[in-house]
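Here is a short briefing to keep beside the model as you look around.

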Amino acid sequence: MLEECTQNIASALRNAILNLDHIPQFVYQDNGRAFKSKFFKGDKKFEELGFTGVYKRLGIEPIYATPYNPRAKVIERFFLEFQEEFEKLVPSYIGTSIENKPAHLMRNEKLHKQIHEQYGFTPTIEQTRMMIDKWLEKYHSKPCPNDKSKTIKEVLSEVEKQNINENMLDDLLMAQEMKSIGRNGIRFLKADYFDEALYGIREKTVIKYSLFDLSYIKVYTLKGEFICKAHRVTETHPLAHQMGNIDDIEDYKYKIEKQQKLRKKTIKAVREHFNLENMDYLEKELLDNMKFQKYESVKEITVQPEPEKKQDFQPKIKTSIVARPIFKTNFERYEWHINNGCLNPDDRVWFENYIKSEEYKEIYK
């Protein structure tokens with residue numbers, strides 16, 4: 001890979017165990033930060049809960065090479081042989097430096113350029129993998145440096161086979177983190193993971209995930225008890241019925257049905273807990289207990305009438321708060337105030353201004 005990271009190291013460890021069909025007792029590796037991450041070595045706060053690092057779960061003891069000492073890393077010798085025997089034979093090889101370029105990239109090498117343009121090509125990833133496999137067959141046919149009487153392949157075949165279960169190995173390679181359950185489930189790696197078992201839970205949990213398959217995570221309590229296997233939530237087409245295909249419509253219907261199912265589950269649990277046969281009673285109680293913002297009630301309305309005209313009505317005075325509708329016109333609001341009174345000082349100011357308006361004179365005079 002281009003850089004060192006936990007996922008690449010875990011993938012290399014997994015491939016090595018599956019190819020050898022054996023979990024080693026020791027692993028000799030680099031002294032980099034990623035090799036010593038919590039994913040491999042574990043975390044003390046999780047060890048008390050039974051969650052440890054990958055090495056401890058696999059029964060592997062890591063050994064780290066001395067820093068700044070390339071001779072201590074036997075893999076460096078293999079890289080050199082790989083470069084000299086394989087990389088330089090690939091048509092797309094361009095060299096490691098300006099001085100170490102292939103002939104067709106040099107000046108005045110017209111024949112090599114012509115040959116490269118005619119026969120050269122850049123292999124795909126699949127072609128490169130097949131070429132490396134063929135080269136490894138040749139490399140493994142060489143005499144083993146530790147036993148000249150056997151080839152490298154014969155020495156590797158003598159390793160004790162353990163019949164490694166791939167699924168069990170993936171479970172052992174799972175990492176763990178502490179996460180909180182939110183409104184949409186568990187937020188992890190810029191995605192939401194949800195399962196019906198998480199519905200209604202609002203507490204911290206421990207999740208286990210595999211870097212090889214991020215379509216799901218396993219959720220545990222802080223005591224190590226298994227809760228569920230939460231799957232990654234996929235995006236829903238916002239206009240599934242208008243612009244989506246059949247899959248978008250079915251996905252939309254499935255998620256709506258799932259929400260309705262959880263809603264019914266909540267109502268059923270509330271009824272069993274409160275022993276209520278009708279949820280309307282509960283809703284009524286909730287509305288009655290709601291605290292509305294109360295304004296100072298207006299006990300009287302004093303209006304200065306025009307000298308030549310006399311006001312022939314007396315608006316009703318209300319001391320209790322009533323539901324205020326949405327008024328489409330000013331005269332509708334006026335009629336409502338006549339029947340229900342003014343509930344706050346703003347209503348009284350509006351009422352006084354309205355009876356002085358031209359609209360009031362045209363309709364009520």
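Lys-88 counts as partly exposed because its relative accessibility is 33%; partly exposed is the range between buried (under 20% relative accessible area) and exposed (over 50%), with a 1.4 Å probe and protein chains only. The side chain of Lys-88 meets that of Glu-84 in a salt bridge, at 3.1 Å from N to O. A salt bridge here is a side-chain nitrogen of Lys or Arg within 4 Å of a carboxyl oxygen of Asp or Glu.

This is a predicted model, in which local features need pLDDT of at least 70 and side-chain atom pairs count only at pLDDT 80 or more, while totals for chains, interfaces and linings use all residues. Residues are numbered from 1 along each chain as its sequence is written, and side-chain values use heavy atoms, with hydrogens and water left out.

**Salt bridges**

- The structure holds 9 salt bridges.
- Glu-84, the partner of Lys-88, is partly exposed because its relative accessibility is 42%.
- Lys-142 pairs with Glu-85, and their closest N and O atoms are 2.8 Å apart.
- Lys-142 sits in the loop between α7 (125-140) and β3 (143-144) while Glu-85 belongs to helix α5, so this pair ties together parts that are 57 residues apart in sequence.
- Helices (H or I, at least four residues) and strands (E, at least two) are DSSP runs, numbered from the N terminus.
- Arg-187 and Asp-192 form a salt bridge through their side chains, at 3.2 Å from N to O.
- Arg-187 is partly exposed, with a relative accessible area of 48%.

**Surface patches**

- Patches are made of residues with over 30% relative accessible area and no salt bridge; like charges are joined within 9 Å, and nonpolar side chains (Val, Leu, Ile, Met, Phe, Trp, Tyr) within 5 Å.
- Phe-26, Tyr-28, Ile-63 and Val-74 make up a nonpolar surface patch, with about 400 Å² of accessible area together.
- Accessible areas come from the Shrake-Rupley method with a 1.4 Å probe; for residues, only the protein chains shown count as cover.
- Val-74 belongs to helix α5 (residues 74-85) and counts as exposed, at 65% relative accessibility.
- Lys-101, Arg-107, Lys-110 and Lys-113 form a positive surface patch.
- For charges, Lys and Arg count as positive and Asp and Glu as negative, with His and the chain ends not counted; the place of a charge is NZ of Lys, CZ of Arg, CG of Asp or CD of Glu.
- Lys-113 is found in helix α6 (residues 110-119) and is partly exposed, at 35% relative accessibility.

**A buried residue**

- Thr-205 lies in strand β8 (residues 204-210) and is buried, with a relative accessible area of 0%.
- Leaving aside neighbours within four places in sequence, Thr-205 has contacts that include Glu-177, Met-178, Ile-186, Val-219 and Leu-222; contact means heavy atoms within 4.5 Å.

**The chain overall**

- The secondary structure comes to 15 helices and 10 strands.
- Of the 365 residues in the chain, 26% count as buried.
- Among contacts with a separation of 6 or more, 53% are between residues 24 or more positions apart.
- The chain's accessible surface comes to about 27100 Å², and 52% of that belongs to carbon and sulfur atoms.
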